[in-house]
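This report covers selected local features of one chain. The sequence and model come first, then the notes.

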Amino acid sequence: ITLAFHAFYFYKNLQQAKIKEQEYLAKSKQAQLDALKTQLDPHFLFNSLNVLSALIDEKPDQAQRFTLKLSNIYRYVLDSRMKDLSDVKDEIKFAKDYIELLKMRFESSVQFQIDEKIHQQSAMLVPLSIQLLLENAVKHNQINEQNPMKISITRETDYLCVCNTKNPLKKAPRYRDGIGLANIKKRYQRFTDQQVIIDDNDQHFCVKLPLLQLNDQS
């Protein structure tokens with residue numbers, strides 16, 4: 001009887017320890033995910049303000065339009081902080097709004113192509129991932145009318161592909177440690193074993209984002 005009592009007591013304590021460990025891991029994972037989310041906001045705001053500053057100097061008549069557009073876009077950014085995943089249709093709509101800002105700044109120096117069939121897809125993406133890739137394309141390349149940048153958003157099987165032509169800056173930015181891409185990869189690891197695929201060559205830089213289904217969420 002005594003042996004059985006001690007065995008039951010030991011088993012009960014072991015189960016409680018396992019439960020506490022799982023709770024700790026869950027909280028730790030959530031904390032990591034929240035930290036990854038917050039990395040996007042300052043980056044987005046900083047670059048948007050740079051664009052706004054340039055626009056005020058060059059085309060003050062468009063500055064007000066840009067400010068109103070930026071307000072709507074940043075509202076979406078704030079709302080996305082509460083989400084682990086976003087509907088691909090919402091992300092494409094948001095990307096189009098962001099593209100409008102880029103068009104105001106660069107005009108014909110940046111050309112965009114979006115596969116409209118993507119709107120018909122019922123799938124999920126990590127929030128703001130498309131916007132971050134658009135932002136990186138503009139940040140790391142020379143943009144001019146003589147050699148306009150071409151950016152496309154298409155679907156390839158179970159992936160959404162964001163590609164841009166390359167015209168690298170003659171002087172690379174001081175920091176090029178890939179924080180944005182690392183952020184996207186880590187956030188996807190939370191939901192799927194599918195890898196974020198990067199195809200980098202002399203002409204193009206492409207990132208393929210897994211399209212997740214609702215039953216892929218954990």
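Leu128 has a relative accessible area of 4% and is buried (buried means under 20% relative accessible area, exposed over 50%, partly exposed in between, with a 1.4 Å probe and protein chains only). Leu128 sits in the loop between strand E3 (124-125) and helix H5 (129-139); helices (H or I, at least four residues) and strands (E, at least two) are DSSP runs, numbered from the N terminus. Its phi is near 70 degrees, a positive value in a residue other than glycine.

## Basis of the values

This is a predicted model, in which local features need pLDDT of at least 70, side-chain atom pairs count only at pLDDT 80 or more, and totals for chains, interfaces and linings use all residues. Residues are numbered from 1 along each chain as its sequence is written, and side-chain values use heavy atoms, with hydrogens and water left out.

## Positive phi at Glu107

Glu107, a residue other than glycine, also has a positive phi, near 50 degrees. Glu107 lies in the loop between helix H4 (88-106) and strand E2 (110-114). With a relative accessible area of 40%, Glu107 is partly exposed.

## Cysteines

With a disulfide taken as a pair of cysteine sulfur atoms within 2.5 Å, the count is one disulfide. Cys163 and Cys206 form it, with their sulfur atoms 2.2 Å apart. Cys163 belongs to strand E5 (residues 159-165) and Cys206 to strand E7 (residues 204-210), so the pair ties together parts 43 residues apart in sequence. The S-S torsion of Cys163 and Cys206 is about 120 degrees, so the disulfide is right-handed. Both Cys163 and Cys206 are buried.

Cys161 is buried at 3% relative accessibility. The closest cysteine sulfur to that of Cys161 is in Cys163, 5.8 Å away, too far for a bond.
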